[in-house]
Amino acid sequence: MSATTAPFPNATESWSLPSRGKVAMAGLIIAESAIFTIFVVAYLFYLGKSVTGPTPAEVLETPIFYTICLLSSSLTVHLAAKCLARGITFAFLGLCLLTIALGGLFLYGTAQEWHRLIYEHGLTVSTNLFGTTYYSLVGLHAFHVTAGLVMLVIVAAFGLIGRVGVKQSGDIEVLSMYWHFVDAVWVVVFTVVYVLGR
Amino acid sequence: MSSNVITVPVGQTDARPWVDELHQWLTTVDHKRLGILYILSSLLFLAVGGVEALIIRIQLMHSHNNFVSPEVFNRMFTMHGTTMIFFVAMPVLFGFANYLVPLMIGARDMAFPRLNAFSFWLSFLGGLLLYFSFLGGSGLYGAGSAPDVGWWSYAPLGARAFSPGHSSDYWTLALLVSGFGSIGTAINIIATILCLRCPGMKISRMPLLVWMNLVMAGMVLLAITPLSAAQIMLLIDRYLGGHFFDTQAGGSAVLWMHFFWIFGHPEVYVLIIPCFAFMSEIIPVFSRKPIFGYPVMVAATVCIAFVSMSVWAHHMFTIGMNSYANSFFTLTTMAVGVPTGIKIFNWIGTMWGGRIQFKIPMLFSIGFLFQFLIAGLTGIMMACSPFDWQLSLSYFVVAHFHYVIVGGILFALFAAFYYWYPKMTGRMLSERLGKWHFWLFLIGFHLTFDVMHIPGILGMPRRIYTYEPGRGWDTLNLIITIGAFIQAIAILVFVANLIVSYFKGVRAGSDPWDAWTLEWSTSSPPPAYNFATVPTVASRRPLWDEKHLEDPDSQYE
Amino acid sequence: MDGGREPAQVYGSMQIELAWTIIPTLIVVVLFLATARVIHAIQDAPEPAGALDVIAIGHQYWWEFRYPKLGIVTANELHIPVSVSGHPTPTFLQLLSVDTDHSFWVPQLAGKTDLIPNHPNRMWMDPQRTGVFLGQCAQYCGTQHAKMLLRVSVDGPEDFASWVHVQQKLAVEDAGAIAGRRVFERNACMNCHAVGGTPANGRFGPDLTHLMSRATIAAGAAENNHDNLRLWIQKPSAIKPGSLMPAMKLSDADLNAVVSYMETLR
């Protein structure tokens with residue numbers, strides 16, 4: 001719902017309040033940030049404390065390409081929302097699908113990395129503290145990417161049958177806020193796991 | 001909502017078959033009904049948690065008692081704490097927030113009515129899940145047992161190695177589920193307050209109850225989530241072989257403590273701030289004066305919210321942090337007492353020079369002021385780490401926090417019940433039963449919790465199912481138990497009052513207390529749409545302005 | 001005032017608000033500074049030369065005490081020397097745990113400090129008078145948390161020296177208790193318990209070398225006498241249900257023999 005504006009009967013100023021979708025999403029982002037912070041703290045706290053097993057430096061490979069995919073999907077979803085606000089539904093749909101593709105690529109990259117870590121290096125969630133904290137943090141993020149992709153697919157599906165128009169642009173902006181949050185979290189996770197942690 | 005005016009259809013009948021009525025209640029998205037559902041569910045869990053408390057008190061009545069086995073006792077104190085915090089205190093406060101916030105800001109409902117319903121049912125079903133553990137918990141002691149790890153489930157006691165079976169998983173999952181419900185409600189409250197205020201109600205004109213629920217909701221977002229995160233980690237440890245809190249693999253038991261108390265301490269402020277809200281509405285009305293220092297009350301509340309995020313490790317003074325860490329948390333804990341104390345002064349300042357009406361809500365409010373002050377003072381005592389090294393983990397702490405929760409929160413809640421029950425039901429609660437309730441509960445409360453400080457000072461630790469004779473704790477525990485039963489009787493009187501008054505109470509009318517906030521401008525109970533016309537306000541006390549046209553508040557703000 | 005009905009509507013007062021903000025803040029500052037001094041004095045106290053070192057290890061539901069420099073291992077009942085102000089002999093404890101969290105609390109001797117696995121802690125006691133002081137575990141550690149009791153005997157110098165002397169010796173070898181010793185060594189007892197100078201060196205349960213020098217058994221749950229010893233070995237749940245001591249299910253003859261053996265371990 002976009003901001004309501006109604007004339008204030010007894011004064012000259014108008015009465016406008018923020019959009020409840022955006023406020024709610026901001027609240028959700030704050031709450032989720034707290035959850036991620038706790039997982040990041042656990043990861044940082046346990047760096048170097050594993051009693052056995054492979055260390056980050058031994059097994060981690062920096063996922064530059066998939067990171068670029070995810071971060072550029074923020075741009076595409078932002079442009080998609082902008083196009084929809086201006087009523088250019090065709091471009092919106094294309095950018096929406098591109099976002100889904102980029103996000104899906106990122107998830108594929110994560111899956112590939114996990115496959116390598118498990119089958120080539122024997123690193124699982126129960127191997128050592130690094131395994132536990134790594135899979136939990138990256139997995140929690142991947143879960144949130146998946147949830148965002150599900151929502152984007154639903155939006156794309158409705159878009160393909162012509163049900164998404166300018167009136168929905170506020171809601172799509174709210175969804176894109178969530179997607180930006182997921183990307184911002186990846187920036188933090190990437191820095192902590194692949195830069196600081198090695 | 002695009003229209004400001006709702007036309008009322010004529011000829012609507014009230015009578016409905018009971019199945020229909022039940023269906024309406026189960027599928028409602030109306031904030032008032034959800035508020036009442038929250039309150040009713042919390043009263044149900046209050047009864048259960050209360051019985052658990054009485055079982056604890058009977059067992060501790062004298063040394064070497066055999067009323068229950070150690071296993072049952074350990075489940076009782078675990079379930080009592082978990083139930084009271086998560087399934088009584090939080091829901092009842094969310095219930096009052098749900099009911100009152102839209103009415104007080106002149107809105108027709110919460111920002112997200114369906115999310116509201118979803119959050120309530122998550123919360124309620126979380127409670128049922130917790131209690132299903134009695135049937136499905138298969139722990140070490142045979143089929144079916146409730147969690148017995150304490151309401152903090154400290155690591156590594158909560159790990160698979162020390163808590164086999166599923167009993168502690170019920171604790172984890174029930175709180176995860178209801179935690180998500182709490183986050184949903186908090187988001188809803190914030191969106192409602194920021195986005196649905198009626199014209200003229202600037203942020204600086206909101207009733208203090210609305211302000212404080214806004215702060216509380218913000219804190220919920222930051223406080224509940226660390227617990228959810230820690231519980232996910234615990235589940236990973238227990239089911240996926242993780243090592244987050246596995247000390248044998250280099251994991252840290254202290255990390256769990258930090259995560260838990262980063263939730264646990266702000267949580268108690270989440271519980272008390274809505275009670276400050278009740279006091280800030282009730283005390284002015286029964287003193288016939290506006291709240292003393294509205295801006296400072298807001299600032300103090302926000303200040304408490306921030307500072308309270310930095311005090312958590314005062315629950316961990318005994319775990320072996322170094323002297324600098326202990327000193328830091330001593331400082332922040334003492335510091336948070338300053339804005340809290342300021343609020344007490346402001347309430348007293350409100351009463352000063354007023355014309356006090358000693359109706360039941362005011363009696364409970366005065367009890368709150370006195371008891372919350374004492375609880376705060378014992379808190380400051382324990383903020384001093386060297387004192388805490390003796391008092392922590394003893395009955396002194398148990399006395400302190402029950403002083404806040406029962407003497408503070410529950411008294412404020414009773415005041416809120418007597419004050420807003422007329423609005424919710426259209427009938428006044430009985431003054432006579434209210435006086436019995438108040439005096440019985442006051443006597444029982446003080447008998448129990450004043451005395452309870454002493455065994456703590458004499459060395460009695462908490463969470464023990466029995467104790468040795470000759471320590472000097474026997475008589476004191478007996479007195480404590482007697483007080484508990486007196487409180488139980490008082491609660492029965494209260495419940496009787498709630499029920500009897502519903503059918504036979506004096507009709508309330510829309511504004512029985514001659515109050516000043518918007519909820520009193522509509523009928524009792526309000527219609528489903530709250531206000532036929534969305535109000536516009538020009539001051540913090542819109543009804544004062546209407547009743548005192550020659551001297552409105554808007555001149556002074 | 002409104003027609004004499006409502007009192008004066010006072011909205012606040014900047015001076016009063018300032019006063020009751022500044023004064024509590026000053027009180028907090030003073031309280032904090034006074035407290036910080038005490039915190040440092042206690043936690044950062046250096047260990048004097050004459051101090052006694054004890055390692056306390058928490059178990060579900062008993063206390064293991066080791067005196068590393070004296071070569072002593074005992075359980076549940078701590079003996080420490082009284083400390084004289086001219087020549088202080090405080091006891092410095094290192095606190096460890098093998099399982100869950102515990103907390104060492106003897107109120108009359110010191111504030112409590114927790115025993116946390118993988119997190120060694122340190123505390124000290126500086127008792128100024130002799131006597132027996134009672135305490136117990138203060139951090140919920142499981143079913144029998146309530147009966148993980150402590151007895152600290154603060155001894156004068158001669159008493160302490162003679163206690164140490166006894167504890168340092170290997171187990172008494174009493175020929176009359178051979179039968180009981182065989183029972184002890186042939187059943188599972190050796191897996192958990194140690195008796196100095198014999199093949200028994202289990203560490204899961206308390207060291208029994210000088211069992212009879214203790215006033216209580218089962219970490220204070222029962223007085224150390226013949227009947228209780230017998231009951232404890234046969235059916236621990238009668239004294240401390242949930243304790244990790246298994247019911248040994250010995251025949252009467254074996255039970256009598258092993259109890260007689262226990263009673264020789266002075």
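How many residues of chain A are in contact with how many residues of chain B? In this predicted model, 30 residues of chain A are in contact with 32 residues of chain B, two residues being in contact if their C-beta atoms, placed from the backbone, lie within 7 Å. Local features need pLDDT of at least 70 and side-chain atom pairs count only at pLDDT 80 or more, whereas totals for chains, interfaces and linings use all residues. Residues are numbered from 1 along each chain as its sequence is written, and chains are lettered from A in the order in which they are written.

**Side of chain A that touches chain B**
- Helix H1 (20-45) and helix H5 (129-160) of chain A each contribute at least two residues to this side, and H1(A) gives the largest share, 13 residues; helices (H or I, at least four residues) and strands (E, at least two) are DSSP runs, numbered from the N terminus.

**Chain B**
- Chain B contains 16 helices and zero strands.
- Its C-alpha trace spans about 70 × 50 × 45 Å along the principal axes of chain B.
- Of the 557 residues of chain B, 62% count as buried, a residue being buried if 20 or more other C-beta atoms, placed from the backbone, lie within 10 Å of its own.
- Among contacts in chain B with a separation of 6 or more, 81% are accounted for by residues 24 or more positions apart.

**Chain C**
- Chain C is divided into domain 1 (13-44), domain 2 (52-155) and domain 3 (175-262), with bounds from an automatic or database domain assignment.
- The centres of domain 2 and domain 3 of chain C, taken over C-alpha atoms, are separated by 23 Å.

Definitions and conventions. A residue is buried if 20 or more other C-beta atoms lie within 10 Å of its own, exposed if 12 or fewer, and partly exposed in between; C-beta atoms are placed from the backbone.
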